[in-house]
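Let's take a friendly walk through this protein, one region at a time. Please keep the viewer open as you read.

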Amino acid sequence: MSSLPAIGMIGLGNMGMPMSKNLLGSGYAVYGFDVNPDAEKEFAAAGGVAGLTIEEVVKQTEVVLTSLPSPGIVESVYTGAGGILEHARAGQILMDTSTVTPGLNERLAVACAGKGVGYLAAPVSGGVIGAKNRTLTIMVGGPKNLFDQMQPIFAALGQNIFHVGARVDSGTAVKLINNLLIGFYTSAVSEGVTLAAQMGLDLDQLFEILNVSYGQSRIYERNYKSFIATNDFAPHFSLNLLLKDLKIAQEMAHQAGLDLPITAELISLYEKSQQAGFGEQDMAALYSYVQAAQRKIQA
């Protein structure tokens, strides 16, 4: 019989699914839940236990991970009727890998402590490719002893594992700053490549040159090579999700007494692209929006 803890995974989407598969590949018994029946079928085909309620997942596992798309959904899954905390037991460890508000991290930590349940906030970066390849960066906030207990699970999920601090929201603060920079870089790539196309430059050669210059960035590589160059914007990380994270980062700044004027302009740009119908596409589709906006101006 395996000595590994049974793990629950609530949320089998773009990130939760490959993370679950990697846990299965590392020998863990994984019990999954998702509102999408097709996702549960895929998870079951990979060897996971599906067809369960949240209550059943929580009761059959020692560790429960969540990977969910918004703070509201995370809060509901944890604290709503039939949710995780209703059925969690003392000694269990809960870990949220979603990108939420620092305030929600704090509320969940207090609620977990009231039941003797361990809680870590551990947002991840690296996208779908990183989740599939176990190369995620995981930014963990919460008690160091819980972080240490989770090391084998972290090793099954990612490559760059950081205990940011004992404050439960510390990893979330880092993740929000990371995604704020992603928003800047994505905008810069969109406008820069649009300008290059207008100037008649070879976009592949431009990438080759800038990739060995100070204009290089991992977001340029990601957005250009995987999306712009192939003209395929199927979502790995949607524009809607990036906009959600930018707004949370702006809220965090306001609560810290800061006004970030460029961030406000950036959010306005992403809101306009969302209103123009690009929200469900990958964030790299901001390039398509910028091009369409320029064509409208020039018409």
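Is Leu4 buried, partly exposed or exposed? In this predicted model, Leu4 has a relative accessible area of 34%. Buried would need a value under 20% and exposed one over 50%, so Leu4 counts as partly exposed.

Leu4 sits in the segment that comes before β1 (7–10). Leaving aside residues up to four places away in sequence, Leu4 touches Ser26, Gly27 and Tyr28.

## Helix α1 and the residue after it

One of the residues touched by Leu4, Gly27, also follows helix α1, and Gly27 has a positive phi, near 95°. Helix α1 itself runs over residues 16–25 and is mostly covered, with eight of its 10 residues buried. The buried residues are Gly16, Met17, Pro18, Met19, Ser20, Asn22, Leu23 and Leu24.

An unreviewed UniProt entry annotates residues 7–165 as "domain: 6-phosphogluconate dehydrogenase NADP-binding". In the model, this span is 45% helix and 23% strand, and its end C-alpha atoms lie 24 Å apart.

The feature "domain: 3-hydroxyisobutyrate dehydrogenase-like NAD-binding" is placed by UniProt, again in an unreviewed entry, at residues 170–289. Here the make-up is 72% helix and 0% strand. The end C-alpha atoms of residues 170–289 lie 34 Å apart.

## How α10 packs with α13

Now turn to a helix pair. Helix α10 (residues 170–198) packs with helix α13 (residues 239–255) at an angle of about 120°, and their axes are 9 Å apart. That angle makes α10 oblique to α13. The crossing of the two helices is left-handed.

Which residues of α10 and α13 make the contact? From α10 come Ala173, Leu176, Ile177, Asn179, Leu180, Ile182 and Gly183. On the α13 side, the contact is made by Leu242, Asp245, Leu246, Ile248, Ala249 and Met252. Sorted by class, the contact between α10 and α13 holds 10 nonpolar residues, two polar ones and one charged one.

Notes: Residues are numbered from 1 along each chain as its sequence is written. This is a predicted model: local features need pLDDT of at least 70, side-chain atom pairs count only at pLDDT 80 or more; totals for chains, interfaces and linings use all residues. Side-chain values use heavy atoms; hydrogens and water are left out. Axes are lines fitted to C-alpha atoms, for helices over the stretch in contact, and angles run from 0 to 180 degrees between N-to-C directions. Helices (H or I, at least four residues) and strands (E, at least two) are DSSP runs, numbered from the N terminus. Angles under 35 degrees count as roughly parallel, over 145 as roughly antiparallel, 65 to 115 as roughly perpendicular and the rest as oblique. A crossing is left-handed if the near helix is turned anticlockwise from the far one by less than a right angle, and right-handed if clockwise. Contact means heavy atoms within 4.5 Å. Ala, Val, Leu, Ile, Met, Phe, Trp, Tyr, Cys and Pro count as nonpolar, Asp, Glu, Lys and Arg as charged, and the others, Gly among them, as polar. Buried means under 20% relative accessible area, exposed over 50%, partly exposed in between (1.4 Å probe, protein chains only). UniProt positions are given in the numbering used here, feature names are shortened, and annotations may be inferred rather than shown by experiment.
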